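Hi,

Here is the model I promised to pass on. My notes on its sheet and on one pair of helices follow below.

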Amino acid sequence: MAAPTAYSLIATDLDGTLLRGDDTLSDRSLAALARVAAAGARHLVVTGRPAPRVRPLLDDLGSKGLAVCGQGAQVYDAGADRLLWSVTLDRELAETALGKIEAEIGQLYAAVDQDGVDGLTLIEPGYLMPHPTLPAVRVGRRDDLWSAPISKVLLRHPDLSDDELAATARSVVGSLATVTMSGPGTVELQPCGITKATGLALAADHLGLGPEHTIAFGDMPNDIPMFDWAGHGVAMANAHPELKCVADEITLSNEDDGIAVVLERLFPQP
């Protein structure tokens, strides 16, 4: 059955957007997504989290379809538990990029997300996970971060704000990597040219849908490429100012079921 609105694809970020601060989904959000499914539209998670850290949330959603993970570097098929597509960040380029950033602002603390459906998140000494509920393995030294192919590097600085760290990284990294800021304490390096829009476009094409069919929800600057690609971009009330500036609409915060408010309007009860 065709969706009753212009949007057949609902693309949602997770942290700060669909999820509440305690990493849970509200009953209202789940009910709104059930309306979407009943109307024949598709819900697509588009997140910075790597596939292994998304799998439990997809189970909560009852999703057996696709998800865009790792800031667009992975398209994950939840039903088959496999990656349909993935791009890795060259580890030598990642080390070079880290060196360039540290030459400007001093010591950083780094972590990596390994590629693959069972990839680990490795953190070097001194790195603090922005989401303490997410599993991570602490390694003894930075060289241990490069033991297997990676999808991205996560950066933290002891003194600089996320905006300052991201701005400095962009100024020196150049074509070595794409720099994104996806949440508090989360500045990342990913393969050059890869963004959420990259993965979203691939997943949408796999579903036979295009940007004109897509409404996207987000809260951070890493969602800007997704908003640029989608037909309609909705920023949360708690969103970063940079995202609000390019949004077509601003809804309530993630704690106040902002996504559900919009979906209930677009997909009214019959």
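Two strands are called paired if DSSP finds at least two bridges between them. Helices (H or I, at least four residues) and strands (E, at least two) are DSSP runs, numbered from the N terminus. This is a predicted model, in which local features need pLDDT of at least 70 and side-chain atom pairs count only at pLDDT 80 or more, while totals for chains, interfaces and linings use all residues. Residues are numbered from 1 along each chain as its sequence is written, and side-chain values use heavy atoms, with hydrogens and water left out.

First, the sheet. Six strands form an open sheet with mixed pairing, in the order β8-β7-β6-β9-β11-β10. Because β8 (137-138) and β10 (178-183) each have a single partner strand, they are the edges, and one side of each lacks a neighbour in the sheet. Five bridges join β10 to β11 (residues 186-190) in the antiparallel sense, and M181 has V187 of β11 as its bridge partner.

Now the helices. The axes of α2 (residues 27-38) and α9 (residues 258-266) cross at roughly 30 degrees and come within 9 Å; axes are lines fitted to C-alpha atoms, for helices over the stretch in contact, with angles from 0 to 180 degrees between N-to-C directions. That angle makes α2 roughly parallel to α9, a label for angles under 35 degrees. In contact (heavy atoms within 4.5 Å) are R28, S29, A32, L33, R35 and V36 of α2 with A260, V261, L263 and E264 of α9.

Definitions and conventions:
Angles under 35 degrees count as roughly parallel, over 145 as roughly antiparallel, 65 to 115 as roughly perpendicular and the rest as oblique.
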